[in-house]
Number of protein chains: 2
Amino acid sequence: MIVDIHGHYTTAPQALWDWRKAQVGNKKPDPSGPKISDDEIRDSLEKAQLKLQRERGSDVTFFSPRAGSMEHHVGDADISMAWSRVCNDLIFRVCRLYPKNFAPVCQLPQSPGVDPANCVRELDRCVRELGFIGCNLNPDPSGGWWKEAPLTDKWWYPVYEKLVEYDIPAMVHVSSCSNPVFHFTGAHYINADTTAFMQLIQGDLFKDFPTLKIVIPHGGGAVPYHWGRYRGLAQDMKKPLLKDHLLKNVYFDTCVYHQPGIDLLLKVIPVDNILFASEMVGAVRGIDPETGFYFDDTKRYIDSNKNLNNNEKVKIFEGNARRVYSRWKPA
Amino acid sequence: MIVDIHGHYTTAPQALWDWRKAQVGNKKPDPSGPKISDDEIRDSLEKAQLKLQRERGSDVTFFSPRAGSMEHHVGDADISMAWSRVCNDLIFRVCRLYPKNFAPVCQLPQSPGVDPANCVRELDRCVRELGFIGCNLNPDPSGGWWKEAPLTDKWWYPVYEKLVEYDIPAMVHVSSCSNPVFHFTGAHYINADTTAFMQLIQGDLFKDFPTLKIVIPHGGGAVPYHWGRYRGLAQDMKKPLLKDHLLKNVYFDTCVYHQPGIDLLLKVIPVDNILFASEMVGAVRGIDPETGFYFDDTKRYIDSNKNLNNNEKVKIFEGNARRVYSRWKPA
């Protein structure tokens with residue numbers, strides 16, 4: 001079975017974006033959410049994610065609202081709460097329509113400077129009432145201005161307490177960026193991944209939360225490429241070896257869009273810490289002229305890697321996902 | 001000949017740091033700079049950079065003031081100007097004492113929100129009067145709050161005009177960071193490299209400055225690891241292939257502290273765009289327990305790479321440095 005742990009509903013029906021536009025334009029849209037039929041949902045997926053699942057041979061995608069549209073920096077905490085509920089409800093409907101193809105991961109109603117304890121209610125609702133199996137946690141709800149405390153700060157503990165209680169992982173995932181220096185998918189996303197990992201090196205978060213699970217997407221940002229730097233910095237800081245300090249709790253996905261990058265990831269990061277993902281339909285939509293295949297068809301790179309044995313591939317494609325997303329039960 | 005294009009004077013005598021402390025403490029230190037003897041300079045280098053050059057087999061280091069101490073965010077433009085002059089003067093003395101071992105690269109007197117045209121006078125002085133061959137350009141003089149325009153903005157053009165006039169490269173290099181989310185050498189440096197490259201993809205800087213040369217240090221941040229992502233994003237943006245869009249002007253150094261990272265860099269980035277560097281004595285000071293050698297002994301990784309031929313190694317170790325730092329004349 002091929003489990004893709006990282007997909008966003010980038011192709012959601014226009015009514016969702018219209019609702020959001022009205023909301024941020026202070027036009028008071030229907031509080032019960034946008035009117036979207038089941039057929040519209042099917043239509044938005046059949047030609048995109050479902051078609052690509054079939055073509056590429058993946059079975060199920062752990063599916064969350066469009067990351068770039070979480071926009072925690074737009075509006076206040078009430079706006080963020082209403083928008084998160086609408087987005088999560090739509091993800092729930094997707095997963096009810098296609099229980100074999102999608103499993104739900106939620107957006108949190110974060111807001112800049114607001115105590116993350118405000119996310120607990122929506123997290124409760126998603127996990128307990130709607131069967132969600134994971135969440136996306138934004139380390140920079142300011143949208144590119146980086147004003148929140150590091151992820152190791154007690155500021156974030158109310159969220160971690162819930163994650164541990166439910167045994168669900170958080171994927172560290174920023175949203176769009178209002179700071180013009182950072183292109184969102186080309187710089188802000190990758191920087192956030194790198195930043196989060198370095199914060200985890202500096203801190204001792206997993207002493208307080210030994211069972212907390214953090215997924216760093218986009219292949220871990222710059223981390224595997226600079227694995228020697230991170231091992232060396234940890235050593236200079238008198239921290240334990242990274243395998244002991246972080247790798248019982250931290251996982252990397254495989255959203256790296258070329259063969260040499262995937263080969264490096266598979267070489268330096270232990271197989272038990274790597275989860276298959278593509279983020280399709282997402283950041284990069286074209287076909288690589290050097291290969292003739294989609295950049296984000298990451299399964300192909302893993303299949304082509306020469307050093308993995310079959311047992312290791314099964315872990316990356318399925319076993320690790322079952323372990324990290326322990327609430328996921330295949331339909 | 002082995003040319004290391006990236007070293008900072010991290011071991012400068014204590015009198016320099018005392019002078020700085022007095023300056024930022026508003027204690028009005030001697031405007032002519034700290035009192036440091038030639039012997040103190042020799043002593044600060046003989047047991048550190050010079051010893052490591054001998055041990056590791058490099059011949060010359062392109063040497064600039066300690067990056068973390070540029071601190072453009074501390075004090076105003078006058079403070080930055082006085083500090084930059086003091087630091088650059090000390091680099092000049094190092095290179096006069098050891099003309100075979102060091103060639104000078106300058107710090108610029110940037111200051112947050114201040115027109116970079118204020119750097120032209122110091123750049124003139126360093127290049128014309130003191131024989132400097134390159135400079136470090138900080139894309140975030142705010143020190144981790146990222147308030148300046150992207151590097152492709154006309155805001156930066158006064159500096160680029162001078163660089164082109166003198167045919168000297170700028171290394172994109174941030175300084176220490178006052179934002180607690182970003183560890184300086186583990187996140188801020190790497191993020192800045194990634195951010196700068198993505199800005200260059202988005203813009204068309206080299207249409208305006210076809211001969212401008214930009215060096216992205218620390219192996220290009222996350223860029224080579226995500227080379228497929230960057231090629232794909234450029235394609236989605238209808239930009240030319242990266243080799244045509246950027247690689248006539250952009251170079252990467254080899255400050256990547258493990259074999260798999262260097263192997264990836266050498267595989268995906270054309271040899272003509274890679275310049276040998278170690279940044280010693282710098283970010284990572286320890287010995288890698290997995291190899292028994294210093295993490296930052298990067299020459300060893302290049303020597304051990306199995307795919308480079310001798311001609312290519314000569315380019316990386318010397319030829320590309322001669323081309324990019326065209327004002328450098330070996331002593």
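Trainee: At what angle do α2 and α4 of chain A cross?
Mentor: The axes of α2(A) (residues 38–46) and α4(A) (residues 77–97) cross at roughly 80° and come within 10 Å. Axes here are lines fitted to C-alpha atoms, for helices over the stretch in contact, with angles from 0 to 180 degrees between N-to-C directions. Helices are DSSP runs of H or I with at least four residues, strands are runs of E with at least two, and both are numbered from the N terminus.

Trainee: And what do we call that arrangement?
Mentor: α2(A) is roughly perpendicular to α4(A). The classes are roughly parallel under 35 degrees, roughly antiparallel over 145, roughly perpendicular from 65 to 115, and oblique for the rest.

Trainee: Which residues meet there?
Mentor: Asp38(A), Ile41(A), Arg42(A) and Leu45(A) of α2(A) meet Leu90(A), Arg93(A), Val94(A) and Leu97(A) of α4(A). Contact means heavy atoms within 4.5 Å. By class there are five nonpolar, no polar and three charged residues. Nonpolar covers Ala, Val, Leu, Ile, Met, Phe, Trp, Tyr, Cys and Pro; charged covers Asp, Glu, Lys and Arg; the others, Gly among them, are polar.

Trainee: Before I go on, what are the ground rules for these values?
Mentor: This is a predicted model, where local features need pLDDT of at least 70, side-chain atom pairs count only at pLDDT 80 or more, and totals for chains, interfaces and linings use all residues. Residues are numbered from 1 along each chain as its sequence is written, chains are lettered from A and ligands numbered from 1 in the order written, and side-chain values use heavy atoms, leaving out hydrogens and water.

Trainee: What rotation superposes chain B on chain A?
Mentor: A rotation of 180° with 0.0 Å of shift along its axis, at RMSD 0.0 Å. That is the relation of a two-fold axis. The superposition is by least squares on C-alpha atoms of residues with pLDDT of at least 70 in both copies. Within chain B, Ala222(B) comes closest to the rotation axis, at 2.1 Å for its C-alpha.

Trainee: Is Cys255(A) buried or exposed?
Mentor: Cys255(A) is buried, at 0% relative accessible area. Buried means under 20%, exposed over 50%, partly exposed in between, with a 1.4 Å probe and protein chains only.

Trainee: Where is there a cis peptide bond in chain A?
Mentor: Between Met280(A) and Val281(A), with omega about 0°. Val281(A) sits in the loop between β8 (274–275) and α12 (298–304) of chain A. In that loop is also Glu279(A), whose phi is positive, near 60°. Glu279(A) is buried, at 3%.

Trainee: And what about Asp167(A)?
Mentor: Its phi is near 55°, also positive. Asp167(A) is in the loop between α6 (157–166) and β5 (170–172), and counts as partly exposed at 29%.
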